Structures are given as C-alpha cells and as structure tokens.
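Subject: Structure for you to look at

Hello,

Here is the structure I said I would pass on. Please open it beside this email and follow along.

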Amino acid sequence: MARLSHWYGRLLDALLLLACLLLLIMTLLIGADVLLRNIGLGGIAPSNEISEDIIYLLTLLAAPGLLRQGQHIRVDIVLRALPAKVGWLLEWLSDILGVICCLYFVWYGWRVVEASFKSGALSIKTLIMPEWWLLAPMPLTFVLLGVEFFFRMHRLALSERRPRDDAVSAA
C-alpha cells in the first residue's frame, strides 16, 4: 500500500505542477493582453475566456493534491475539544462523507459530460469548442479525490485513535 500511495502522490504532484504552469500561462496571457491594449494593438481577444477556463482547471487540477497535503479548508477546533476517540470517529465520518460526495459528483459529472457530448453542445464565446471538453475534467477530478479519501482512511486506520494532526500522506 505504501508503494501505491507513493506513486499516487507523484501523480498528484504532477497535477499540481501542471496547475502551476497553467497559472503562469494565465499570468503571462493577462499581462500581454493588458500591454497590447495599452500600446494600441488591440489586445488578445480570447484572453478573458481562456483565463476563466484556466481558473476552473486550476481548481480541478489542484484539489486532489491539496487534499492529500491537508491544505484544504479544515476547521478542527471542535475535534480538538472532544475526547480523542470521538474526534477520531468524526474523522472517519468526514472521510466517508467525502467518498460519498465524490461518488455522487463522478456519477453526476459523467452524466453531464455524456449529455453534452451526445448533444454536440458547443461553448460559443470568442472561442468555439465542444462543451464537454471543459466538463470532462470534473468527474476525473472527483475520482482522484475519492481515491485520496480512501488513502486518508487507510492512514487513519493505522494511526493513534485521535484526530489527525495533519492529512499529509505517508508517501
């Protein structure tokens, strides 16, 4: 299990790196657009649309890696105030609820992508592209998030019976 966790962590690190590269591209694109508009060359017409799409992709690419590193929003003040065993059980409950939510979003996301693909829906703005291209990463991201919740539960099962100090992988 440790080896699988290690390689899964590497995959999530690669997705985080891709998110960083997209953020750099978006920053350069916006900067170039502003510069070109200010010097009278008209700017880059699809820069706003591309920036919106990149922000969406950044969120999806980074989410599984951030969950693995314990950097998602986490309010654990109540867990710390409760008896250790109760806090540990609530950690289990939150991870199980996380898996259930991920399974729902995989199912729902797949249905949306499939419907968009079958209907031939297009995203028509400055750029014209099949709508499903933008929708497809969502169910894939929730598969990755669901897998990470299973790794979290595995780490929790092996840990001391108290709330986790962090959500960092054993990788």
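Which helices each supply at least two residues of the nonpolar patch? They are α3 (77–81) and α4 (84–119). Before the details, note that this is a predicted model.

The patch lies on the surface and is formed by Ile73, Val75, Ile77, Val78, Leu82, Val86, Leu90, Leu93, Ile96, Leu97 and Ile100. Together these residues have about 1,000 Å² of accessible area. The most comes from α4, which gives 6 residues. Leu82 sits in the loop between α3 and α4.

Now the interior. In soluble globular proteins, nonpolar side chains tend to be buried together. The largest nonpolar core here has 13 residues, and those touching the most other members are Tyr8, Leu15, Ala19, Leu22, Ile54, Leu58 and Leu61. Three helices each supply at least two residues of this core: α1 (2–38), α2 (47–68) and α6 (137–158). The largest share is that of α1, with 7 residues.

Setting aside neighbours within four places in sequence, Leu61 is in contact with Leu15, Leu16, Leu18, Ala19 and Leu22.

There is also a second, separate core of 8 residues. Among them are Cys102, Phe142, Leu145 and Phe149.

Regards

Note on methods
Residues numbered from 1 in each chain as written. Predicted model: local features only at pLDDT ≥ 70, side-chain atom pairs only at ≥ 80, totals over all residues. Heavy atoms only, no water. Patch = residues over 30% accessible without salt bridge, like charges linked within 9 Å, V, L, I, M, F, W, Y side chains within 5 Å. Areas by Shrake-Rupley, 256 points an atom, 1.4 Å probe, with all protein chains shown as cover. Salt bridge = Lys/Arg side-chain N within 4 Å of Asp/Glu carboxyl O. Helix = DSSP H or I, 4+ residues; strand = E, 2+ residues; numbered from the N terminus. Core = buried A, V, L, I, M, F, W, Y, C linked by side-chain atoms within 4.5 Å. Buried < 20%, exposed > 50% of the residue type's maximum accessible area, 1.4 Å probe, protein only. Contact = heavy atoms within 4.5 Å.
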